[in-house]
Amino acid sequence: MRNPVLRGDLRARGRSRRLWLLTLIFLGVTGALVFLGLPPELDRFAQSQASSLYVAVLWVEVVLVTYGASACLIQEIAIEGEKSALDLVFAPFSPATIVAGKSASSLTTIVCWLAVAAPLLVLTTVIRQVPWRWVALSLATIAVVAWGVGQFGLLYDIVFETEFSRTLAHWGTLLIIFIGTAALPPLLRAFNPIAAATAAAGGAPPLAPLGVYAALGAACAVGAYVRLRALPPA
Amino acid sequence: MLLIICAWPRAPATLGGPITETPAPEVRVGFGGVVKIGVPVPVHVVIPPLPFAGGAELIVDAPALGPQVGRVVASRVIPFQAVPGAARAFDIPVVVNDSRRPLAVIVAINGREVLRREISIPPERVSDRLLVALSDEQAGLASLRRPPLGVVTSYITGDTLPRRWQEYGAVDLLVIRDLEAAALGRTQQEALLTWVRLGGRLLLIARPGSRLAALDSILPAAAGEAHAVDSLSTLSLRYGGAFPPGPYPLVALQPRPGTRVIAQDKVPLIVSRREGAGKVTIWAFDPWLPSYLEWGGRLRLWDETIGAGAPAAVDPDALAEQLPASTPLDPLAHAAVGGAIVLYIAALMWCVRRWPTRAGAALGLVIVAFGVAGFALLADLTRARSAALIEATVLQPAEGTGVARATTVASVAVPYGGRYRVTAPPAVFATPVAPASDLKAVLTADGTVLTGTLRAGEAPRALLAVSAASIVVSAWLSADNRRLTIDLGSLRLQDAELRWHDRLVVLGDLPPGRSVMEISADAWAAAANDGRTRSEFSSHLRDGIFRGPTGDAILNGTTPVLDGELQWPAPVFVLDGARAPGRRLTILLAPLDRR
């Protein structure tokens, strides 16, 4: 952990009361869903019987983790002691260090959230004998999608100066990604994060969506780097 | 040229068939190739010497018409160890449900198919009424095929008789004319006796000097020496038709007590006796002889001997419909899961909040690891407590034989979906009630293992087992229907009742041993208004018996039937890994004798 930005962010996030509360809410929602979905009769909620409540748990995870990741980077959820990318420009860190540190801290947070919720997911998957490979694939899909969308937060934090425009752009992006893609033709609907998680939950690797969200994340990181470099030095 | 190349027959190896040149297995299906739809028939397979060694499986795929979409194939499997150069022979009971598609016999070694043979069953080899004859003369009964009898006749030899009594299910009448006693093995003898006692019909053609010690216990008469009579007017009067001029060769019969005799001038011609639920008949004459083949009344005699089929048995489909459709989740498991979730979240969040350091993070990881292991165990436990087997057995005793037909219907519920494994004892014929492709029956020395998969939320899978149970229960009514005597041996009968047509008499709980009750004429009440408070499961099950397709045949016999809940010790099916208690109920269904 040689990146000072990553080190500082993780220290701040580890001590943040707000992030702790967010994690508690995330675990509480996931736990409540797992518990309430315990009666096997509830598996009949889908006409096809192919889906089950474990897929619903994945849907909740992909939505909450993706929102949490981007909201933390865009400062919508302000973490005590964590500095934004723009503030760090005035510190003796290169733009590459800042972008890499912010990206890595976001990915670490995502992995932590998925890890702490893993026992609850295990409960709902083992009970339904879902193969481990499918579960791992689903978690990897959520991580990539959440990281890719989270990078929009990093970019918007640098690009937009006012908090209102940042929030507007953030929510607009989330709505496009989660709702707009659901209205696309069937072939393109696979890029919806929920559809991608559902595909992974059934054992089918959603390679195209994974590639697109990873590329989007990388592009946003590059965009953030270019923007930081263009800023006049302190 | 291109058309010729395309149409040219290709070698089997290129057609994706077996990769070996070993000859195909020898397969014998049913009785001389004749089968009856929907009942178990014997399939004998001889596997030629193979050049392979290892774990092998003989698979018989029987096509079926089932509720599932697409083609349904019911698989029965016998695992064995293949030894290079050694031939193997197997008997496997199979239910043919769809004769339009071939039966496939497959040999797989180490999971790889090495032999395959497909057996087509032509329509003329499918029969509703089947007469099986053990006779050296394999002709003379062809006329039975014509209306009004419509009986298909099949000639077999003694060594091909079934080794399981359930495989006689297709046979309406077994005729023994020429049978070497030595050709009949012990298991074949027992299977034959059990089948007769549980409703089978056996006809023996007396031959001079023939001795069948194995069947002596059920024979209604002893055969003696050959002689002849000049007239068979008794048979002509009874069955019509005229005989060609005599004399008529016969074998002397010495009827045993309790038999029904048709005699010509005190010379027994036909002697018969009920044996349990079945019937055994001896003819003193040989119907294969020309004088009898030319007799015009012989078809009526055959028709009477074949009878109307086996006695009414309970309908498995009707019973299966009465089994509970779902298993409620154990509240204890629900509470344990809820508590574990709360405990996990509280411990993790407290640790992270209390120690926001690297050590705290490491401790958090440990809690997560324990959480994964603990929740996996808890999930297994919850799953095991929800998977359950509900079983209902109907015992129909064969009067005076100490044996009963046991029809067991069970439902396997795996509410969260996944694989199940159910074992039935070796002497039981176990099969799904409705044919299913996703269910495999493996016949092992320990019994029949039924394995399959249920999807989450899918309805329970209904299974059927047919077996013979040893039971010493007898019940009879006095000739005036006023006095009922029941001997239950060491068993206890709960919620007992007498049923006849649409009336019933409530008898209540009956203790072990002999009970004698007076039944007054006004004790009979309408069955629909009994107002009883027995368990819901028991009520539903009795509805399945008496209101099912065979209910009328059971209730409208010549005597009432006794029914009640029997305290029966052993389950038939065992569900592996199930921790839920499940439910089990045994119903006694005994037609009363009149003495």
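In what order do the seven strands of the open sheet in chain B lie? The order is E9-E8-E10-E11-E16-E15-E14 in chain B, with mixed pairing, where helices (H or I, at least four residues) and strands (E, at least two) are DSSP runs numbered from the N terminus, and two strands pair if DSSP finds at least two bridges between them. This is a predicted model, in which local features need pLDDT of at least 70 and side-chain atom pairs count only at pLDDT 80 or more, while totals for chains, interfaces and linings use all residues. Residues are numbered from 1 along each chain as its sequence is written, and chains are lettered from A and ligands numbered from 1 in the order in which they are written.

**The sheet of chain B**

- Strand E9 (152-156) and strand E14 (260-264) of chain B are the edge strands, each pairing on one side only.
- From one strand to the next, the twist averages 15 degrees, with axes being lines fitted to C-alpha atoms (for helices over the stretch in contact) and angles running from 0 to 180 degrees between N-to-C directions.
- E14(B) and strand E15 (residues 267-275) of chain B run antiparallel and are joined by five bridges; Ile262(B) has Ile270(B) in E15(B) as its bridge partner.

**The contact between the chains**

- Chain A gives 28 residues to the contact and chain B gives 33 residues, two residues being in contact if their C-beta atoms, placed from the backbone, lie within 7 Å.
- On the side of chain A that touches chain B, the largest share, eight residues, comes from H5(A).
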